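Let's take a friendly walk through this model, starting with its pocket and moving on to its helices.

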Amino acid sequence: MSAVEAKLAELGLTLPDVVPPLAAYQPAVQSGPYVYTAGQLPMVDGKLPVTGKVGAEVTPEEAKELARTCALNALAAVKSVAGDLDRIARVVKVVGFVASASDFTGQPAVLNGASELLGQVLGDKGVHARSAVGVAVLPLDAPVEVEIQVELA
């Protein structure tokens, strides 16, 4: 077990299987020392636990937990091409999309779920730049989608 996966276990988490693509793309690709993930939905055992817009059908607190799940799925996608999460030198960038009710403006707080998980699991290597974007709708009516870019050692 890698040190990163041991840290996940310490947090009571396990790395899930890579979520299969919903269309014509790969979950992650490597270019030079970087791994770019596709947008990861908060799938758990092949299903979305919640659907709808944040600020309407989904609370910001629920969405923050879903963003955490997205980050966990992104780490699984990284491992699928890197082979070992201990190769992560740092998380460079996180981009998060929040399917938002028209008056919802708390996208950054929702995406903290992903950012905080990466920090808890990777320490200083998990500190990153980030964008948090509100959108009208996401695939499968998911409330949140997260993609990450990591640099490998």
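Fifteen is the count to keep in mind: the largest pocket is lined by 15 residues, and Pro16, Met43, Val44, Asp45 and Asn73 lie nearest its centre. Here a pocket is an open set of points on a 1 Å grid over the protein atoms alone, where a 1.4 Å probe fits, with protein on both sides within 12 Å along at least five of seven lines, and lining residues have an atom within 4 Å of a point. The space in the largest pocket is about 230 Å³, a volume being the space filled by probe spheres set on the points.

This is a predicted model, in which local features need pLDDT of at least 70 and side-chain atom pairs count only at pLDDT 80 or more, while totals for chains, interfaces and linings use all residues. Residues are numbered from 1 along each chain, and side-chain values use heavy atoms, without hydrogens and water.

Helix 2 (residues 60-82) gives the largest share of the lining of the largest pocket, four residues. Helices are DSSP runs (H or I, at least four residues) numbered from the N terminus. Helix 2 has 23 residues and spans 32 Å from first to last C-alpha, close to the expected 33 Å. After helix 2 comes Gly83, with a positive phi near 85°.

Elsewhere, the axes of helix 1 (residues 3-10) and helix 3 (residues 107-122) come within 8 Å and cross at roughly 115°. Their contact (heavy atoms within 4.5 Å) is set out below.

| Helix | Contact residues |
|---|---|
| Helix 1 | Val4, Lys7 and Leu8 |
| Helix 3 | Gln120, Val121 and Leu122 |

Terms used: Helix = DSSP H or I, 4+ residues; strand = E, 2+ residues; numbered from the N terminus. Expected span 1.5 Å × (residues − 1). Axes fitted to C-alpha atoms, helices over the stretch in contact; angles between N-to-C directions.
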